[in-house]
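Q: Hey, can you walk me through this one? I'd like to start with a single residue and then zoom out.

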Amino acid sequence: MDSCFGICGKDWVILASDMAVNRSIFTLKHDEDKIMQLNKFKIVAASGEQTDRYQYCNMMMRNLQLMEFRTGFEPDVESTAQFMRTELATALRKAPFQVNLLIGGFDELDGTAKMYWMDYLGTLQQVTKGAHGYAGYFVNSVLDNNYKKDMTLEEGIAALQKCVLELKTRFIINQPTFIAKIVTKDGVQVMQL
Amino acid sequence: AIGARGCGMLDCLDYSVSRSEREAQAHEALPMELLNPAPLLPNPHERCPGMEQHIRMVHGTTTLAFKYQGGVVVAVDSRASAGAYIASQTVKKVIEINPFLLGTMAGGAADCSFWERYLGMRCRMFELNQKKRISVGAASKILSNITHSYKGYGLSMGTMICGWDETGPQIYYVDSDGDRLHHHLFSVGSGSTFAYGVLDTGYRYDLTKDEALSLAQRSIFAATYRDAYSGGTVRVYHIDEQGWKRISETDSMELYYKFKDEKMQ
């Protein structure tokens, strides 16, 4: 029931997700941050069960930190996404993680930003815009209409705000607050949508 | 056990009669079982009738905890029910892990009390190894890692680990799914919706100590009034910088008459 969606431009990427933790018929909290910052230029928005979401993203973050200590540099977005996919796929037939992810990051080497869509079975695909969960039904068309090649960061934020408005209008589940994280060449910024 | 779910273990193997017919038979059988004064032990050949299949209300209890300017207030009821039978009205649902940490109990009594005692041991080991008291976040993480590793094996617990550490008052909700949530206000159990009603309307961060304790007591009482699986005595604890302290233990019937008299005036 978690909503997460995002949009990727040439040198920026924004991921957004709702902040509610729901349990049976009520909401336990309204301010849960479901977008984890993996390292200086990478973020991952996860949707799914809280325990799997936290355990998986935490494990990835710590393993990437370890890789950084061992090799001396942060891996690029593609390598990070492939590493995360491998871990998810390996666990799939033993103790699967019920998480769907959007991985976004900025590559310092060529100055471009990339976004990857990954589902709980280990399907990985590079995308320019994407969504997970029920939100996808509402938000994919809005993103399709508002995306243009080489759009600016402000246009991207406006597009996501339209997505949030659509969810608040039509989605049966009440999700009052949304958090968005933006990755650019300056690192990660947080904003409320 | 608290909030026991007597589930039919063998129904997945029985293909002889259609499922709806069997369920109808089980529902007809229910009234006679209710009249039986002895405790209902789960019969593996019977279905689990009705409610639990539709609403996953596992924890037959009401517990709550919230943070305010003066610390943390924890309040619980004390009823243990096995189906329609009240097994006990005097269960201690707050587990004293160490003088600065409290854990609440909802779900399986054995699971909660065993693992919270184990957590107490791990917290003591931490103190001996690190020469400082464990933080509430670390303690709750130890417990949530345990529950995550036992995920799917049938543990049933919904607990709140509350305490005061160097970062101030903290409450973490940990449950048997492996979830661990940090927030300023939680209520767990079958009566939690009723408790939330009173708690959400009366809660402010800048409550005084007396107001906070009274709010907690009222919230649990509201739940015991409406929820069949909550009742007994309402116990209220307070946690401040010096540690936890048990403030009051009042029977819910006494509270009913007290609030009724207040309304009359």
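Q: Is B:S81 buried or exposed?
A: B:S81 counts as buried because its relative accessibility is 3%; buried means under 20% relative accessible area, exposed over 50% and partly exposed in between, with a 1.4 Å probe and protein chains only. This is a predicted model, where local features need pLDDT of at least 70 and side-chain atom pairs count only at pLDDT 80 or more, while totals for chains, interfaces and linings use all residues. Residues are numbered from 1 along each chain as its sequence is written, chains are lettered from A and ligands numbered from 1 in the order in which they are written, and side-chain values use heavy atoms, with hydrogens and water left out.

Q: Which strand does B:S81 lie in?
A: B:S81 is in strand β3 of chain B, residues 80–82. Helices (H or I, at least four residues) and strands (E, at least two) are DSSP runs, numbered from the N terminus.

Q: And what separates the C-alpha atoms of B:S81 and B:K92?
A: They are 14 Å apart, with the two residues eleven apart along the chain.

Q: Switching to chain A: how many helices and strands are there?
A: Chain A has four helices and twelve strands. Of its 193 residues, 52% count as buried.

Q: Which strands does β8(A) join up with?
A: On one side of the story, seven bridges link β7(A), residues 99–107, to β8(A), and the two run antiparallel. Strands pair if DSSP finds at least two bridges between them. Four bridges also join β8(A) to β9(A), residues 124–127, again antiparallel.

Q: What about the turns?
A: The β7(A)–β8(A) hairpin has four residues between its strands, and A:G111 in that turn has a positive phi of about 70 degrees. In the β8(A)–β9(A) hairpin there are five residues between, and A:G122 in the turn has a positive phi of about 95 degrees.

Q: How many residues of β8(A) are buried?
A: Five of the seven, so to speak mostly covered; the strand spans residues 112–118.

Q: OK, helices. How do α3(A) and α4(A) cross?
A: The axes of α3(A), residues 135–146, and α4(A), residues 153–170, come within 9 Å and cross at roughly 145 degrees. Axes are lines fitted to C-alpha atoms, for helices over the stretch in contact, and angles run from 0 to 180 degrees between N-to-C directions.
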